[in-house]
Amino acid sequence: MISPRVEINLAKIEHNTRHLVSLLGAKGIAVTGITKATLGLPEVANAMIAGGVIRLGDSRIENLEALSTGGIQLPLTLLRSPTPEQAERAVACASISQVSELSVVEALAVAAAKRGVIHGLILMIELGDLREGVLPSDALGFAQRLLQTPHVALLGIGTNLACRAGVVPSPDNMQELALLATRLERQLGVHLPIISGGNSANLSWAMALPTGRINDLRLGESILLGCDPLTRVPLEGLHTDAFTLVVSVIESMAKPTKPRGATGQAAFGTPVAMRERGTIMQTIASIGRQDIDPEGLVAPSGVSVLAASSDHLVLETQTAMPPGAEIRFGLDYSALLRAMTSPFVATTFNDALRTCMPPKRKGSPA
Ligand SMILES: *Cc1c(COP(=O)(O)O)cnc(C)c1O
C-alpha cells in the first residue's frame, strides 16, 4: 500500500462527535465541527455531520470550497477573517464569516449584494488571548456599524482563547462574553442568536460549570484526536486514534550514536546534543519535517524518534527492519495538521465507510 499515508477511521470521528454533541447538548451548547486539520476533507465533514454537528467551519477559504465541492450541504462558517480581496470567494463558499474589521465587512457586503445574498457575521471579541477580535469596549460601536451595513446580518458574537497566549476559558471570560451579548442586545434592540464561546480548549469549562448564554463551541481537535488541547489529556469516552501515520523504512543498520568530525549547524539549526551510548540500530523512514512535526509523533513501543531533517525521519529500533517495512505512529495536532497538508502524504480510510484515496488538493491562488 502507498506510503507515507494517514489512515483515517471515520467511524471513530463520528463516535467522538456524537459523544461531544450529546454532552454539550445537555448544556444547551451546539457544536460547529472544524475541519481545518484535515484540509477540509468532505469525508471527515460527513462523519461530523453524522455525529450531529449543526454547522461546519474552517479557517481557510480553499478548505470551505473543498467542502462545498464535495457536496456538503450544512452552513459553513469562515473562521479566519478574509482579506477584502477575498470577499467574493468568502461569500460564495461560506454563509457566515467571523470578522473584526469594518473594511472587511464592507467588502463582504458588496460581494453579498452582487451575489444577491445576505451574509452572516459573527463579531469576534478579544478576551485576553491577544489574537483576533475587537476590544470589548469597542464592540458596541462595531456592532452598530455592522447593523447599518446592508446585505450582512449580525448573527452573534464569539471569542477564541488558548490559541496564541494559552489563555484558559474561565467563568470570568465566558461571563464577560455573555454579558456583552446581553448588553449589545439591549442597547441595539436586536437578538443575537449565536454566542460562540471558543474551541476545544473550552471543554473543561463547559463540562464543569454553568454555561449561561454560550450556545456554540467550535470543535476540531477534541473531535479528531479525542483530547483536551489545554492539557493534551485524553477525554473520557473518546477515541484518540482516529488517525494513524504509516511510514516506510528505507535504511536500517547498526550505527554509532556519536557524530564523527567537527559539527556546526544542521539543516534545521543546532542539533540537540548527542550522547555517546555505543552502537544502536538506526532506522530511517522516508518522511520528514516537510510532512510532519517530529515532536508530535507517538511512536509504537520499541521505536523512538531520534531526529528529522526535511525528508528523513531517523529512528532507533530494536532490530533491523527491511526497506519497505511499515511503522505506524500516532499523531498530535501539529503532526496531523502537517501530514494532512503535505502533498507527499496520502490519505486513506481504513473502515467500512469509505476506502478510496483522494489526491491532495493543490492550493489555488485567491
Ligand atoms: C481552529 C479554530 C477552532 C477549532 O479549534 P480546536 O482547538 O481544533 O477545537 C475554533 N475557532 C477558531 C477561530 C479556530 O481558528
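A: By the rule used here, there is 1 cavity of 30 Å³ or more. On a 1 Å grid over the protein atoms alone, a cavity is a set of points where a 1.4 Å probe fits but cannot get out; a pocket is an open set with protein on both sides within 12 Å along at least five of seven lines; lining residues have an atom within 4 Å of a point. Grid points are joined across faces, edges and corners, and a volume is the space filled by probe spheres set on the points.

This is a predicted model, where local features need pLDDT of at least 70, side-chain atom pairs count only at pLDDT 80 or more, and totals for chains, interfaces and linings use all residues. Residues are numbered from 1 along each chain as its sequence is written, and side-chain values use heavy atoms, with hydrogens and water left out.

The largest cavity holds about 30 Å³. Its lining consists of Thr32, Arg55, Thr77, Gln98, Ile122, Ser196, Asp216 and Arg218. By class, that is 1 nonpolar, 4 polar and 3 charged residues. Ala, Val, Leu, Ile, Met, Phe, Trp, Tyr, Cys and Pro count as nonpolar, Asp, Glu, Lys and Arg as charged, and the others, Gly among them, as polar.

Now the ligand. It sits in the second largest pocket, meaning that more than half of its atoms lie within 2 Å of the pocket's grid points. This pocket has a volume of about 580 Å³. Its lining has 27 residues, with Lys36, Arg131, Asn160, Cys163 and Asn199 nearest the centre. They split into 11 nonpolar, 9 polar and 7 charged.

Around the ligand itself are 14 residues, each with a heavy atom within 4 Å of it. Lys36, Ser200, Arg218, Gly220 and Glu221 come nearest. The shell comprises 4 nonpolar, 5 polar and 5 charged residues.

Polar contacts (pairs of N or O atoms within 3.5 Å) follow. Lys36 places a polar side-chain atom 2.7 Å from a ligand oxygen. Gly220 uses a backbone N or O atom, 2.8 Å from an oxygen of the ligand. For Glu221, a polar backbone atom is 2.7 Å from a ligand oxygen. The protein covers 93% of the 390 Å² of accessible area that the ligand has on its own (Shrake-Rupley method, 1.4 Å probe).

The largest pocket has a volume of about 730 Å³. Of its 26 lining residues, Pro271, Met274, Leu306, Ala307 and Ala308 lie nearest its centre. The lining divides into 14 nonpolar, 6 polar and 6 charged residues.

Notes: A polar contact is a pair of N or O atoms within 3.5 Å; within protein, one must be able to donate a hydrogen and the other to accept it, and residues adjacent in sequence count only if both atoms are side-chain atoms.
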